[in-house]
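Q: I have a structure to go through for class. Can we take it piece by piece?

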Amino acid sequence: MSFQHVAIIGLGLLGGSIGLAVEAHLPDVKTTGYDADPAVRERARARNLCGTIADDPVEAVRDADLVILCVPVGAMDAAAKAFAPGLLPEAVISDVGSSKLSVSQSLAKALPDHTIIPAHPVAGTEESGPDAGFSSLFHQRWCIITPPDGAAEGQIANLKSFWQGLGSTVEIMDAKHHDLVLAVTSHIPHLIAYTIVGTASDLEEVTRGEVIKYSAGGFRDFTRIAASDPVMWRDVFLNNRDAVLDMLDRFLGDLALMREAIRAGDGEMMFDQFSKTRAIRRRIVEQGQDDARPDFGRHDHE
Ligand SMILES: NC(=O)C1=CN([C@@H]2O[C@H](COP(=O)(O)OP(=O)(O)OC[C@H]3O[C@@H](n4cnc5c(N)ncnc54)[C@H](O)[C@@H]3O)[C@@H](O)[C@H]2O)C=CC1
Ligand SMILES: O=C(O)C(=O)Cc1ccc(O)cc1
């Protein structure tokens, strides 16, 4: 049986978007939301992000058959402990965290008597907070579900059809593998953006306004990513340390090869490398996965 009452814990970009998407696509499913920040709850009420906004985490999950944690990965444990006393015994617990292994382990520890099926909608923007959410965020985006060993097939299928209902394509993956793949496709790109924007602004010359003035170059694309939420990304690097360090070593090795090519004037090496990466970009665009434009798909954004 599919879920009938979803509790959403954390009403920022992801939580708010889930609330709006359920209303738009699964109107028979009831939603109750909760956020630890009263100002966020107020905005959530004003925007009707959920059918009901509760002022208490225990009240928020009462009667819910699916609870989705939409808080920074470092806050999952505290958020789960706060609503635990209100849970139905049969409630399924899921989340949307950007890293999966440590979240899976901390939720299993915080809620030992419940079924936990973590997930990661690979859909987002650099914005955050209750005003950032929009109902089409998950359209034609991947959602990766990472069920622990022994999770009930029926509950996995229910979660899968929930995300399909919001417009996503679902993939099932092992949590550790997820963390390795996302380290290279999402976490390290964010780290590079944060670093290059920091490096540029630390330089004496560019602090005189030139960063902004000439930002039409490649730098501008990095500034979008580097504007992402600092709490969320701090938590991702604290919680996916091993996979990020592993992939960072690989990346730094490749960067050192590029430095050598530049030092040696090896134009052939650079041309070959840049041609390969251009082909990758063209493949992504052909597959319709170019969502880099900030306003992509936000038809209902207020
Ligand atoms: N921003 C993005 O593009 C994406 C984010 N994610 C993941 O989704 C999760 C949420 O991210 P966003 O919605 O972007 O963040 P956000 O900052 O927009 O919203 C998070 C909300 O959680 C609330 N919160 C923090 N601790 C809490 C607690 N203990 N109990 C209740 N509420 C609490 C905050 O007050 C805030 O309103 C993170 O785990 C992130 O890794 C996943 C995919 C994309
Ligand atoms: O804004 C962007 O380009 C993103 O990469 C959004 C994003 C951020 C974190 C995720 O776990 C998934 C997607």
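Predicted model: local features only at pLDDT ≥ 70, side-chain atom pairs only at ≥ 80, totals over all residues.

Q: Where is the place of Asn48?

A: Asn48 sits in the loop between α2 (38–46) and β3 (52–53). Its phi is positive, about 55 degrees, although Asn48 is not a glycine.

Q: And what about the phi of Asp63?

A: Asp63 has a positive phi too, of about 75 degrees, and is not a glycine. Asp63 is in the loop between α3 (57–61) and β4 (66–69).

Q: How exposed does Asp63 count as?

A: Asp63 is partly exposed, because it has 13 C-beta neighbours inside 10 Å.

Q: New topic. How is the protein chain divided?

A: There is domain 1 (5–173) and domain 2 (177–264). Their C-alpha centres lie 29 Å apart.

Q: How many residues are in contact between domain 1 and domain 2?

A: On the domain 1 side, 15 residues are in contact with 17 residues of domain 2. Helix α5 (residues 101–110) gives the most to that side of domain 1, with three residues. By class, the side of domain 1 that touches domain 2 has six nonpolar, seven polar and two charged residues.

Q: Now the largest nonpolar core. Which residues touch the most other members?

A: Ile8, Ile9, Leu66, Val67, Ile68 and Cys70 do, out of 56 residues in that core. Helix α1 (residues 13–25) gives the most to this core, with six residues.

Q: Where does this core lie relative to domain 1 and domain 2?

A: This core lies between them, because domain 1 (5–173) and domain 2 (177–264) both give residues to it.

Q: Take Val67. What is it in contact with, leaving aside neighbours within four places in sequence?

A: Val67 is in contact with Ala7, Ile9, Val61, Phe83, Ala91 and Ile93.

Q: Last one. Which residues surround ligand 2?

A: Ligand 2 has Ser98, Val122, Ala123, Gly124, Thr125, Glu126, Ser186 and Ile225 around it.

Q: How do the residues of that shell divide by class?

A: The shell around ligand 2 has three nonpolar residues, four polar and one charged.

Conventions. Residues numbered from 1 in each chain as written. Chains lettered and ligands numbered in written order. Core = buried A, V, L, I, M, F, W, Y, C linked by C-beta atoms within 7 Å. Buried ≥ 20, exposed ≤ 12 C-beta atoms within 10 Å, placed from the backbone. Helix = DSSP H or I, 4+ residues; strand = E, 2+ residues; numbered from the N terminus. Domains from an automatic or database assignment. Contact = placed C-beta atoms within 7 Å. Nonpolar A, V, L, I, M, F, W, Y, C, P; charged D, E, K, R; others polar. Near = placed C-beta within 6 Å.
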